[in-house]
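Visitor: I would like to go through this model and ask what each label rests on. Where shall we begin?
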Amino acid sequence: MSDDPTHVQEFFGSRAADWDSRFPDDGPAYAAAVADLGLRPGAAVLDAGCGTGRALTALRAAVGPAGTVIGADLTPEMLEEAVRAGRDKAGELILTDVARLPLRDGALDAVFGAGLISHLADPAADLRELARVVRPGGRLALFHSVGRAALAARHGRQITDDDLRAEPNLRPLLSGSGWRMVSYVDEDDRYLVLAVRPDDIAPA
């Protein structure tokens, strides 16, 4: 399920212009997932693989004007669409690979990742990098607006046992990458995994 950065850029770059129009009704699902992340006013949060920035407005509303919102994406065309939609007003946009974030250790309170896990080149290492930039006790949300079965059907595929998003695969992956899964939801109209960076686990 992992993906190399060049393929990710090519895939999303060619689809950026009409990306939002393909998923016009996802806004409430994003807002609900951000709410479940439990952000407090003044918090610092990263939208990892932010794409066109569909989560940024909800993240800004959650942390308030004193908070910090960063949207990071590997694909320039996606960030250009985020700016075109005015979402750069909700947070700072940076062109970067989530495998090498230009952030100090423990800089963030939380990370939000929509549709992220299957596009990571090295899921274990990349999740460790996300853990590095989050303070102990900070949280991670892995989100998709539909569940695994609905997403597979949308692409004309069946769910396979090697799907990283399946709980038996994702729980140990997170555990080995500096996170502890605290909740797992995989329903037709929602996929949301919440994890915490424990105080007693330092990311490798």
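Guide: Begin with a pair of residues: leucine 140 has alanine 195, in strand 7, as its bridge partner. The model is a predicted one.

Visitor: What makes strand 5 and strand 7 a pair?
Guide: The cut-off is at least two bridges between two strands. Strand 5 (residues 134-144) and strand 7 (residues 190-196) are joined by six bridges, in the antiparallel sense. They therefore count as paired.

Visitor: What is the order of the strands in the sheet?
Guide: The order is 3-2-1-4-5-7-6, in an open sheet of seven strands with mixed pairing.

Visitor: Why are strand 3 and strand 6 said to stand at the edges?
Guide: Strand 3 (92-95) and strand 6 (180-187) each have a single partner strand, so one side of each has no neighbour in the sheet. On average, neighbouring strands here are turned by 15 degrees against each other, direction ignored.

Visitor: Which strands does helix 4 lie across?
Guide: Helix 4 (residues 56-63) lies across strand 1 (44-48), strand 2 (68-73), strand 3 and strand 4 (108-114). Its angle to strand 2 is about 160 degrees.

Visitor: How do you know that the model has a cavity to count?
Guide: A cavity is a set of points where a 1.4 Å probe fits but cannot get out. With a limit of 30 Å³ or more, the count is one cavity. The largest cavity holds about 90 Å³ of space, so it passes that limit.

Visitor: What lines the largest cavity?
Guide: Its lining has 13 residues, and Ile117, Phe143, His144, Arg165 and Tyr191 lie nearest the centre. Strand 5 gives the most, three residues, and helix 7 (148-154) also supplies at least two. The lining divides into seven nonpolar, four polar and two charged residues.

Visitor: Which elements give two or more residues to the lining of the second largest pocket?
Guide: Those elements are strand 4 and strand 5. The largest share, four residues, comes from strand 5. The volume of this pocket is about 160 Å³.

Terms used: Residues numbered from 1 in each chain as written. Predicted model: local features only at pLDDT ≥ 70, side-chain atom pairs only at ≥ 80, totals over all residues. Heavy atoms only, no water. Axes fitted to C-alpha atoms, helices over the stretch in contact; angles between N-to-C directions. Contact = heavy atoms within 4.5 Å. 1 Å grid on protein atoms, 1.4 Å probe; cavity = no way out; pocket = protein on both sides within 12 Å on 5 of 7 lines; lining within 4 Å. Points joined across faces, edges and corners; volume = space filled by probe spheres on them. Nonpolar A, V, L, I, M, F, W, Y, C, P; charged D, E, K, R; others polar.
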